[in-house]
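Reader: I have a chain here that I'd like to go through with you. Can we take it piece by piece?

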Amino acid sequence: MLNTTLCYITRGDEVLMLHRVKKEHDLNKDKWIGIGGKFEGEESPDECLLREAKEETGLTLTSWRCRGVVTFLTTGPWEGEFMYLFTADGFEGELIDCPEGDLQWVSRDFLDALPKWEGDKIFLDLLWQDAPFFLLKLRYDGDKLVEAVLNGKDCLKVKSGASLPEVPSI
């Protein structure tokens, strides 16, 4: 299982999003996600977060918080993943041209309209609710979300063609 970070940097009511359009063979191709990436060497989650933020955005984070851990499981060709989920509301520097995609500040109201993974809606809703630290397991069959377990409780069992329910408040 991979260890990764994902961070949503906020500026008022806007969120810095990465439109993944530049890498070949990218699991996240054409999706809009936060910034982050894989651990290197013996990095801790916060060390990985700070390095990835600088590499992908040019920004130095000055205020951040780990909000939860998301476990991704899949039947597809991709390896499972433990993702440390962060938000950041303090930073210094100027945005750079990201090697992995296009960076854009997006209104939180517009965020739901962007193409992203089905499970992202669950953890984004938790972030915007300012939920306490959480553990979320997301199981995909290819690119279709088939199971979501929040803090040990099923919050979603998807049958073919079913839509995502509202995320429960914590």
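Reader: Which residues of α3 are buried?
Author: The buried residues of α3 are G119, D120, I122, F123, L124, D125, L126 and L127. Buried means under 20% relative accessible area, exposed means over 50%, and partly exposed lies in between, with a 1.4 Å probe and protein chains only. Before going on: this is a predicted model, with residues numbered from 1 along each chain as its sequence is written, and local features need pLDDT of at least 70. Side-chain atom pairs count only at pLDDT 80 or more, while totals for chains, interfaces and linings use all residues; side-chain values use heavy atoms, with hydrogens and water left out.

Reader: How many of the residues of α3 is that, and what follows α3?
Author: 8 of the 11 residues of α3 are buried, so the helix is largely enclosed by the rest of the structure. D130 follows α3 and has a positive phi, near 55°.

Reader: How many helices and strands are there, and in what order do the elements run?
Author: The chain has 3 helices and 9 strands. From the N terminus the order is β-β-β-α-β-β-β-α-α-β-β-β. Both are DSSP runs numbered from the N terminus: helices are H or I with at least four residues, strands are E with at least two.

Reader: What about aromatics, how many pairs?
Author: The structure holds 5 aromatic pairs. In W117 and Y140 the ring centres are 5.3 Å apart and the planes stand at 75°, so this pair is edge-to-face. W117 is in the loop between α2 (108-111) and α3 (118-128), Y140 is in strand β7 (residues 134-141), and the pair links distant parts of the chain, 23 residues apart. For the cut-offs, rings of Phe, Tyr and Trp (its six-membered ring) pair if their centres lie within 6.5 Å; planes under 30 degrees apart count as stacked, over 60 as edge-to-face and the rest as tilted.

Reader: Which arginines lie over the face of a tryptophan?
Author: R11 lies over the face of W105, at 4.1 Å from the ring centre. R108 lies over the face of W128, at 4.3 Å from the ring centre. A charge sits over a ring if NZ of Lys or CZ of Arg is within 6 Å of the ring centre and within 35 degrees of the ring normal.

Reader: Moving to α1. What does R51 touch?
Author: R51 is in helix α1 and is buried, with a relative accessible area of 16%. Leaving aside neighbours within four places in sequence, R51 contacts K38, F39, E40 and E43, where contact means heavy atoms within 4.5 Å. The side chains of R51 and E40 are also joined by a polar contact of 3.4 Å.

Reader: And E55, how exposed is that one?
Author: E55, also found in helix α1 (residues 45-57), is partly exposed, with a relative accessible area of 42%. E55 touches I96 and P99, not counting residues up to four places away in sequence.

Reader: Where does pLDDT stay under 50?
Author: That is residues 158-165, for which the model has 10 contacts beyond four places in sequence. pLDDT is the predictor's confidence in each residue, from 0 to 100. Where pLDDT is low, the predicted coordinates should not be read in detail. The chain averages a pLDDT of 86, and 84% of the residues score at least 70.

Notes:
Polar contact = N/O pair within 3.5 Å; in protein donor to acceptor, adjacent residues only side chain to side chain.
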